[in-house]
Amino acid sequence: LKQDSLPFIEPAADSPQHPQRILDRLESPGSTPGILLTGPGGVGKTRTCLEVSRRAQDAGWRVLHIVPGESLVVAKELRDLVLHGRSPTLLVFDYLDQLAHLDLGVIRHHLLPGAQERGMRVALLANARPALFRRANHERDALFERIKIDLTGIAPKIIDRILETLAPNAMAQIGRDQATRFSGTRPIIAMFIAREMERHANQGTLAKLSLAQV
């Protein structure tokens, strides 16, 4: 999902889900501390977070990523880590719905006020699937403004880029139209299928596959 491996297809420049618009919003004084990107799996929530992070780093922010599956990071430890410095800091929570151990109250009532006292800018960026919102959470809703990721109009461009980057030999063998049909309509799924098609293309077995088998 990195820019040098799979170039990012940007939404319209004025779209609220454009990475630069998200960063502008996070940099705006007096706004809600964070933005929470929502949408079903495979619509580009994580990739959008990475693109915002890249722009933030280029603008001089310190960017810290909190992801599921690593050693548990509790909010108090996070507070101490962030407040150890003075650089503007962006905290990125990948799949907030899987970080059940994280106490958002500590972030809201201790980390952010502590940063404000030090004259630090701290912003929050997270992504989550819609299931997160089945339960009310006052702290979450106080910290984050929601933005829904919608790929209407740009999904075909993203899938074209995936095929061109990850499956050039497969497209040469079976054609763009057939490769596009195999790939489906969800970019993250298309990425896995493109890699598999390219593997079969390099082994000389792609032409023998049916759509059902792929």
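This report walks through a predicted model of a protein, from its overall layout to a few of its strands and helices.

## Before we start

Because the model is predicted, local features need pLDDT of at least 70 and side-chain atom pairs count only at pLDDT 80 or more, while totals for chains, interfaces and linings use all residues. Residues are numbered from 1 along each chain as its sequence is written, and side-chain values use heavy atoms, with hydrogens and water left out.

## The big picture

The protein has nine helices and five strands; these are DSSP runs numbered from the N terminus, with helices being H or I of at least four residues and strands E of at least two. Going along the sequence, you'd read the pattern as α-β-α-β-α-β-α-β-α-β-α-α-α-α. The C-alpha trace spans about 65 × 30 × 30 Å along its principal axes.

Of the 214 residues, 45% count as buried (under 20% relative accessible area, with exposed over 50% and partly exposed in between, using a 1.4 Å probe and protein chains only). Take the contacts (heavy atoms within 4.5 Å) between residues at least 6 apart in sequence: 77% of them join residues at least 24 apart.

Strand 4 covers residues 122–128, and seven of its seven residues are buried. In a regular strand, side chains alternate between the two faces of the sheet. Here both faces are covered, with V122, L124, A126 and A128 on one side and A123, L125 and N127 on the other.

Strand 4 pairs with strand 1 (residues 34–38) in parallel, through five bridges; two strands count as paired if DSSP finds at least two bridges between them. In this pairing G34 has L124 as its bridge partner, and L37 stands opposite N127. Strand 3 (residues 89–93) also runs parallel to strand 4, again over five bridges, and there L91 is the bridge partner of L124.

## Strand 1

Strand 1 is covered on both faces too: G34, L36 and T38 are buried on one side, I35 and L37 on the other. T38 finds its bridge partner in K148 of strand 5.

Helix 3 (residues 75–83) buries A75, L78, V82 and L83. Looking down the axis of helix 3, its buried residues fall within an arc of 120°, so they line one face; the arc is taken from the directions from the helix axis to the C-beta atoms. Their cover includes strand 2 (62–66), strand 3, helix 4 and strand 4.

Helix 4 bends by about 25° at L111, with a proline, P113, following within four residues. That bend is the angle between axes fitted to the seven residues ending there and the seven starting there. The buried residues of helix 4, among them L104, I107 and L112, pack against helix 3, strand 3, strand 4 and helix 5 (138–143).

## A buried arginine

Finally, have a look at R55 in helix 2 (residues 45–58). R55 counts as buried because its relative accessibility is 13%. Setting aside neighbours within four places in sequence, R55 is in contact with E10, H18, P19, Q20 and L23.
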